[in-house]
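I opened this entry to look at how the chain is put together. I wanted the helix packing and the cores on one page.

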Amino acid sequence: MPLPLYLLALAVFAMGTSEFMLAGLLPDIALDLGVTVGTAGSLTSAYAIGMIVGAPLVAASARNLPRRPALLGFLLVFAAAHAVGAASTSFALLFCTRVVAALANAGFLAVALTAAAALVPPDRKGRALAVLLSGTTLATIAGVPGGAVLGTELGWQATFWTVTALCLPAAVGIVEGVPAEHDARGATGKPALRTELSRLTRPRLILVMLLGALVNAATFGGLTFLAPVVTGTAGLGELWVPVALVLFGTGSFVGVTVAGRLSDRNPGPVVTVAGPLLLIGWPALAVLAHRPVPLFTLVFVLGALSFALGSTLIARVLHEAAGAPTMAGAYATAALNVGAAVGPVAAGATLGTGAGPLGPLYVSGLLIAAALLIAFPFLRVVTGARSGVARL
């Protein structure tokens, strides 16, 4: 894999830390800013909504810009939004900074996904995507738990300042590592925007985008409210929350790595195995959450399965949107963040019911069930086979 791909992954690491870090900070943010945990959870949805709106709009507006300055500009706006968020004492202001950061993240990721695919031969897109997304999974292993520890010891603002600092070496890496000659290729020879947007009318692309959204909704619905499960249902101390996040992140790294090697050749086993196991796994976590050993074991397994299936579906979106070289990454980003917006809202709505902190885990199971019901008639389409059970 080319070096610029790893430099893009470094920036994705900083952004992934921000996107996931609220899973360990929600109780402290809620207490400090005088809102409920459920209301604080809307910060996750705000971020996702910003990425949904931002991915296609920002990618379309930046499609004629060379990739290197576009990536650098998005990263610097992202860093500035976190600096303002760290200094804010108002929930409304913090909410706004999350939206701005999400818009910048969306633009960056949309360009980076397209750039990553362009840096390698077509038959290695899945592996390139796995390298890029390893920045996100490493964020869940190191960045998010580290942020949770910082938040516990120094306050949640310290985590925001740390994300700001992480952007600086990533920016230097982009300037020094993304080749100018790649910029020149990226700015010319593109199809018309109308042609790229027309790809969204293809049922096959809509199908894999919908499935990606449902799987990511399940992932974010369970992950966002993992802290109350660890400290409430399991009765463990706050410092066990980073442990759970490390395990989830380690599992996600394993899942993305394995799926990245399979998705180019044969994504079928990932879809047909990970989907049913997730359907069982999320409710099983709710049933066994009061027992620490099964809790942490399942957190690891669910991280691996969720990201294996999710990254495979991202690769399928990129393949189905092959005729939209500058917008394909935006389609994948928007699809995944529809899920990231819907998941926490649906999961958070159960916190005030009799299910309590376990409600989000059951919601994740239901979302996976919906994805499997939709996917089953079109299984060969979803797995990239040449003929389908039902044609689209």
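**Overall**

I am working from a predicted model. I began with the secondary structure, which comes to 17 helices and 0 strands. I then looked up burial: of the 392 residues in the chain, 56% are buried. I also checked the reach of the contacts. Among those between residues at least 6 apart in sequence, 84% join residues at least 24 apart.

**H13 with H14**

I took helix H13 (residues 268-288) and helix H14 (residues 292-320) as a pair; their axes lie 9 Å apart at an angle of about 150°. Angles over 145 degrees count as roughly antiparallel, so H13 is roughly antiparallel to H14. I noted a left-handed crossing for H13 and H14. Which residues make the contact? On the H13 side I listed Val270, Val271, Ala274, Gly275, Leu277, Leu278, Gly281, Trp282, Ala284, Leu285 and Leu288. On the H14 side I listed Pro294, Leu295, Leu298, Val299, Leu302, Leu305, Ser306, Ala308, Leu309 and Thr312. I sorted this contact by residue class and got 17 nonpolar, 4 polar and no charged.

**H13 with H16**

I stayed on H13 and turned to helix H16 (residues 359-375). The angle here is about 165°, and the axes are 8 Å apart. H13 and H16 are therefore roughly antiparallel to each other. Their crossing is left-handed. From H13, I found Gly275, Pro276, Leu278, Leu279, Trp282, Pro283, Leu285, Ala286 and Val287 in the contact. H16 supplies Leu361, Tyr362, Ser364, Gly365, Ile368, Ala369 and Leu372. I marked Gly275, Leu278, Trp282 and Leu285 of H13, which are listed in the contact with H14 and in the contact with H16.

**H3 with H15**

My next pair was H3 and helix H15 (residues 328-348), which pack at about 160° with axes 8 Å apart. That angle makes H3 roughly antiparallel to H15. H3 passes H15 in a left-handed crossing. In H3 I wrote down Gly41, Thr44, Ser45, Ala48, Ile49, Met51, Ile52, Ala55, Pro56 and Ala59. They meet Ala330, Thr333, Ala334, Asn337, Val338, Ala340, Ala341, Pro344 and Val345 in H15. I counted by class again: 14 nonpolar, 5 polar and no charged.

**Nonpolar cores**

Which members of the largest nonpolar core touch the most others? Among its 73 residues, I noted Ile29, Leu75, Phe78, Phe108, Phe160 and Tyr331. Helix H5 (residues 91-118) gives the most to this core, with 14 residues. Leaving out residues up to four places away in sequence, Phe108 touches Leu8, Ala11, Val12, Met15, Leu71, Phe74, Leu75 and Ile174. I also found a second, separate core of 50 residues, with Ala148, Val299, Leu305 and Leu309 among them. Of these, Val299, Leu305 and Leu309 are in the H14 side of the contact with H13.

**Val53**

Is Val53 buried or partly exposed? I looked in helix H3 (residues 37-61), where Val53 lies. Its relative accessible area is 43%, so Val53 is partly exposed. I then looked at Leu103, 50 residues away from Val53 along the chain. The C-alpha atoms of Val53 and Leu103 are separated by 7.5 Å.

Conventions. Residues are numbered from 1 along each chain as its sequence is written. This is a predicted model: local features need pLDDT of at least 70, side-chain atom pairs count only at pLDDT 80 or more; totals for chains, interfaces and linings use all residues. Side-chain values use heavy atoms; hydrogens and water are left out. Axes are lines fitted to C-alpha atoms, for helices over the stretch in contact, and angles run from 0 to 180 degrees between N-to-C directions. Helices (H or I, at least four residues) and strands (E, at least two) are DSSP runs, numbered from the N terminus. Angles under 35 degrees count as roughly parallel, over 145 as roughly antiparallel, 65 to 115 as roughly perpendicular and the rest as oblique. A crossing is left-handed if the near helix is turned anticlockwise from the far one by less than a right angle, and right-handed if clockwise. Contact means heavy atoms within 4.5 Å. Ala, Val, Leu, Ile, Met, Phe, Trp, Tyr, Cys and Pro count as nonpolar, Asp, Glu, Lys and Arg as charged, and the others, Gly among them, as polar. A nonpolar core is a set of buried Ala, Val, Leu, Ile, Met, Phe, Trp, Tyr and Cys residues joined through side-chain atoms within 4.5 Å. Buried means under 20% relative accessible area, exposed over 50%, partly exposed in between (1.4 Å probe, protein chains only).
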